[in-house]
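Reader: I'm new to this kind of picture. Could you walk me through how to read it, one feature at a time?

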Amino acid sequence: MQEYKKNQKINWTCCLMTKTFIQKERQQIFRDITKQYKQEGYSHREARKLAKRDTDDIMADKETFVDNFIRDTWEDQDE
């Protein structure tokens, strides 16, 4: 993560909203994928296990995108 200058104001509201958004997105994706696996005939336990793995993969990409976006936005403000 980028280091911030001593007097630089940080928009923590944006960071907190992003975290909440990411958590909600993760939950929704997990539910959807779990439902899909159950419809394919997997047991509840196996569906949750597979959905967790798939959700982690999907969210890793999304979280990287958000982190890069925030970092790029802060770098643009420094210029």
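Reader: Let's start with Phe65 and Phe69: are they buried or exposed?

Author: Both Phe65 and Phe69 are exposed. Keep in mind that this is a predicted model.

Reader: How far apart are Phe65 and Phe69 in helix α2?

Author: They sit 4 residues apart in helix α2, so about one helical turn separates them.

Reader: And how many aromatic pairs does the structure hold?

Author: There are 2 aromatic pairs. To name a pair, look at the angle between the ring planes: over 60 degrees counts as edge-to-face, under 30 as stacked. Tyr37 and Tyr42 have ring centres 5.3 Å apart and planes at 90 degrees, so that pair is edge-to-face. For Phe65 and Phe69, the centres are 6.5 Å apart and the planes are at 20 degrees, so this pair is stacked.

Reader: Now the charged residues. What's the general idea?

Author: Side chains of opposite charge can pair when their charged atoms come close. In this structure there are 5 salt bridges. One of them joins Lys62 and Glu25, with the closest N and O atoms 2.9 Å apart. Lys62 is in helix α2 and Glu25 in helix α1, so the pair ties together parts that are 37 residues apart in sequence.

Reader: What about Asp54: buried or exposed?

Author: Asp54 has a relative accessible area of 18%, so it counts as buried. Its salt-bridge partner is Arg53, the closest N and O atoms being 3.3 Å apart. Leaving out residues up to four places away in sequence, Asp54 touches Ile33 and Tyr37.

Reader: Which residues does Thr34 contact, beyond four places in sequence?

Author: Thr34 is in contact with Ala47, Arg48 and Ala51. Thr34 itself belongs to helix α1 and is buried at 8% relative accessible area.

Reader: Last one: where does pLDDT stay under 50?

Author: Over residues 1-8, for which the model has 8 contacts beyond four places in sequence. The chain as a whole averages a pLDDT of 80, and 71% of the residues score at least 70.

Notes. Residues are numbered from 1 along each chain as its sequence is written. Side-chain values use heavy atoms; hydrogens and water are left out. pLDDT is the predictor's confidence in each residue, from 0 to 100. Contact means heavy atoms within 4.5 Å. Buried means under 20% relative accessible area, exposed over 50%, partly exposed in between (1.4 Å probe, protein chains only). Helices (H or I, at least four residues) and strands (E, at least two) are DSSP runs, numbered from the N terminus. Rings of Phe, Tyr and Trp (its six-membered ring) pair if their centres lie within 6.5 Å; planes under 30 degrees apart count as stacked, over 60 as edge-to-face and the rest as tilted. A salt bridge is a side-chain nitrogen of Lys or Arg within 4 Å of a carboxyl oxygen of Asp or Glu.
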